[in-house]
Protein chains: 2
Amino acid sequence: MKHTGIKVFAPASVGNVIVGFDIMGLALNKPGDEIIARFSDKPGLRITKVTGAKGRIPSEVEKNTASVAALSFLDHIGEKGKGIEIEIHKKMPFASGLGSSAASAVAGVFAMNELFKRPLQKRELLPFAVKGEELASKALHADNVAPSLMGGIIFIRNNHELDIQRLPAPKGLYATVIHPKIEIKTSESRGVLNKHITLNNHVLQSGNLGGFIIGLFKSDFDLIGRSLNDILIEPQRAGLIPGFKDVKNAALEQGALGCSISGAGPSIFALSANSFIAENVGSAMQKVFHDLKIDSELFISTINPEGAFKY
Amino acid sequence: MKHTGIKVFAPASVGNVIVGFDIMGLALNKPGDEIIARFSDKPGLRITKVTGAKGRIPSEVEKNTASVAALSFLDHIGEKGKGIEIEIHKKMPFASGLGSSAASAVAGVFAMNELFKRPLQKRELLPFAVKGEELASKALHADNVAPSLMGGIIFIRNNHELDIQRLPAPKGLYATVIHPKIEIKTSESRGVLNKHITLNNHVLQSGNLGGFIIGLFKSDFDLIGRSLNDILIEPQRAGLIPGFKDVKNAALEQGALGCSISGAGPSIFALSANSFIAENVGSAMQKVFHDLKIDSELFISTINPEGAFKY
């Protein structure tokens, strides 16, 4: 018997958002992951097809981020034995700092919820998606998973409690993200981080985090711009990305509100007050990498308001 | 010639507000400092009377917080030589963690601005008040000065830039502050603080700070309550205040949203969602100190919306 399938999309996301290490993330419109899921007469979950990411995505159900998230959900609803086939189409760069594993995890669990006619609300899918993401990143945080699922700019008060809050995204806010085609492993990028910071730097960074949040609530682009300055993480990671300083300076010269590393890198992310600036910022960033003979991909996006969806 | 005077009031304030070390403060309605100022035929600024604080407030113009702030303002407007007399009536506890020196500094500069018919806007007085506060606390931060001057719950994005933001105070929010009559010097209270913190604790505390700010904007008392948990500073300072843990537990048992040390202590501060809870919290706190045979003063207050004023 041939079953008809459903197709879902989960978007890329920018973790940290410059001043919220491990506790903020925002969703892009593109790129992202597509998953097609259908019931099957053969019991159990199987991955029948994987495209994209140059064959680096495992197709074993226990090792794949999307299927691990899906299984955790199926277990919860008591349908782990049900015959289901999924196809995973990774339509975004892998290990890029754009939340690739989070998008897979979200797409996996979101597809299952759709296939079973939504037994859970969207927000309730978060813990299952986090399980998948944990497999890939070896750490528990929702700063990519939550925005990929829910959309918007997400603040995570506490990663263990998954206490998430949606921040307002002022009208006109644009994200520009450039992915230089070099690779940094998240584990390496986390490895360079000192496990201690000074109390003084905590105070300064907290001031910027609070300023950013207040700026979003007040749609105060000046305040957002003054606040988007990462004194903690960026100085430790910038050296991993060739040309980082020049790309950042180019973005700021074009009027970006702020510019820093997207998640664990190597992608670089800027926020701008309108699409015109966002496009100029993108061109300027791309020129720097071009001059350095580094291939890059550019994504310019409003803040995605919805997150994962079914086509 | 007899000159008529003006009389001003600057309120006490709660620094840190549990999760915003050095970058948040809120204004109480009472207690506070009164200053009477009048022109005089004798050139220069003089302190003619000081009451309160058991004679511990210096009456030398160069050593007194209020007059140092006043002089800095007078210098700015080019009136340093003008004959002026001030009386300082300290109507609040000294070295209590309630921003006593900040209230003096604010009252000093605010009185001068009133005496000269407001050459500057209220907000523009902040740098001069900070100068006075710096004399007393040996550190530059505006977490008491800014709320005492402006009222409300103030967030300081950057103390050096004096980039301050007013946070919304949800309707019903009450502060309960108890001042046990023991003394901790701010310098001692700062001395116990480790100059380094773990990155992990930074992430947790930042989550709570952001949660608190979002809770204020959304009037979400549950979120405010979940967020008011200081994992950084309170554990290091609690030991300086006899009975702290019992007072805190008593406040939380009565339904306080959160409870911790006010500024550098020894006062203890709780936030509550209405006056009924705030009063129960106050009684419970006071009972603990009474049982410990420690005298205490209790202040229950809405968030003061205006800060310093002229009678």
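Predicted model: local features only at pLDDT ≥ 70, side-chain atom pairs only at ≥ 80, totals over all residues.
Where the domains meet, 24 residues of domain 1 of chain A are in contact with 32 residues of domain 2 of chain A. On the side of domain 1 that touches domain 2, strand E1 (6-15), strand E2 (24-39) and strand E5 (153-158) of chain A each supply at least two residues, and the largest share, five residues, comes from E2(A). Sorted by class, that side of domain 1 of chain A holds 13 nonpolar, nine polar and two charged residues.

Chain A also contains an open sheet of four strands, which follow one another in the order E9-E10-E7-E11 with antiparallel pairing. Strand E9 (258-261) and strand E11 (296-302) of chain A stand at the edges and have a single partner strand each, so one side of each is left without a neighbour in the sheet. Direction ignored, neighbouring strands of this sheet are turned by 15° against each other on average. As a general point, the strands of a sheet pair through backbone hydrogen bonds, either parallel or antiparallel. At one end of the order, E9(A) pairs with strand E10 (residues 268-272) of chain A over four bridges in the antiparallel sense, and within this pair Ile261(A) stands opposite Ile268(A). Helix H9 (residues 244-253) of chain A packs on the sheet, where it touches strand E7 (174-180), E9 and E10 of chain A, and its direction makes about 10° with that of E10(A). Helix H10 (residues 275-291) of chain A, in turn, lies across E7, E10 and E11 of chain A and runs at about 15° to E7(A).

Ile268(A), whose place is in strand E10 of chain A, gives a residue-level view of this region. Is Ile268(A) buried or exposed? Ile268(A) has 27 other C-beta atoms within 10 Å, and a residue counts as buried at 20 or more, so Ile268(A) is buried. Although Ile268(A) and His179(A) are 89 residues apart in sequence, their C-alpha atoms are 6.6 Å apart in space. When neighbours within four places in sequence are left aside, the contacts of Ile268(A) include Ile178(A), Ile241(A), Phe244(A), Val247(A), Cys259(A) and Met285(A), together with Lys248(A) and Ser262(A).

In chain B, strand E7 (residues 174-180) has seven of its seven residues buried, so this strand is largely enclosed by the rest of the structure. Both faces of E7(B) are covered, with Tyr174(B), Thr176(B), Ile178(B) and Pro180(B) buried on one side and Ala175(B), Val177(B) and His179(B) buried on the other. E7(B) pairs in the antiparallel sense with strand E10 (residues 268-272) of chain B over five bridges, where Ala175(B) has Leu271(B) as its bridge partner. E7(B) also pairs in the antiparallel sense with strand E11 (residues 296-302) of chain B, here over seven bridges, and in E11(B) the bridge partner of Thr176(B) is Ile300(B).

The largest nonpolar core has 198 residues, and those with the most contacts inside it are Val106(A) and Val106(B). Beyond its neighbours within four places in sequence, Val106(B) is in contact with Ala10(B), Ala129(B), Val145(B), Ser148(B), Leu149(B) and Ala308(B). Elsewhere in chain B, Ile6(B) is found in strand E1 (residues 6-15) and is partly exposed, with 15 other C-beta atoms within 10 Å. Ile6(B) and Ile36(B) are 30 residues apart in sequence and 5.6 Å apart in space, C-alpha to C-alpha.

Definitions and conventions
Residues numbered from 1 in each chain as written. Chains lettered and ligands numbered in written order. Buried ≥ 20, exposed ≤ 12 C-beta atoms within 10 Å, placed from the backbone. Pairing = 2+ DSSP bridges. Core = buried A, V, L, I, M, F, W, Y, C linked by C-beta atoms within 7 Å. Contact = placed C-beta atoms within 7 Å. Nonpolar A, V, L, I, M, F, W, Y, C, P; charged D, E, K, R; others polar. Axes fitted to C-alpha atoms, helices over the stretch in contact; angles between N-to-C directions.
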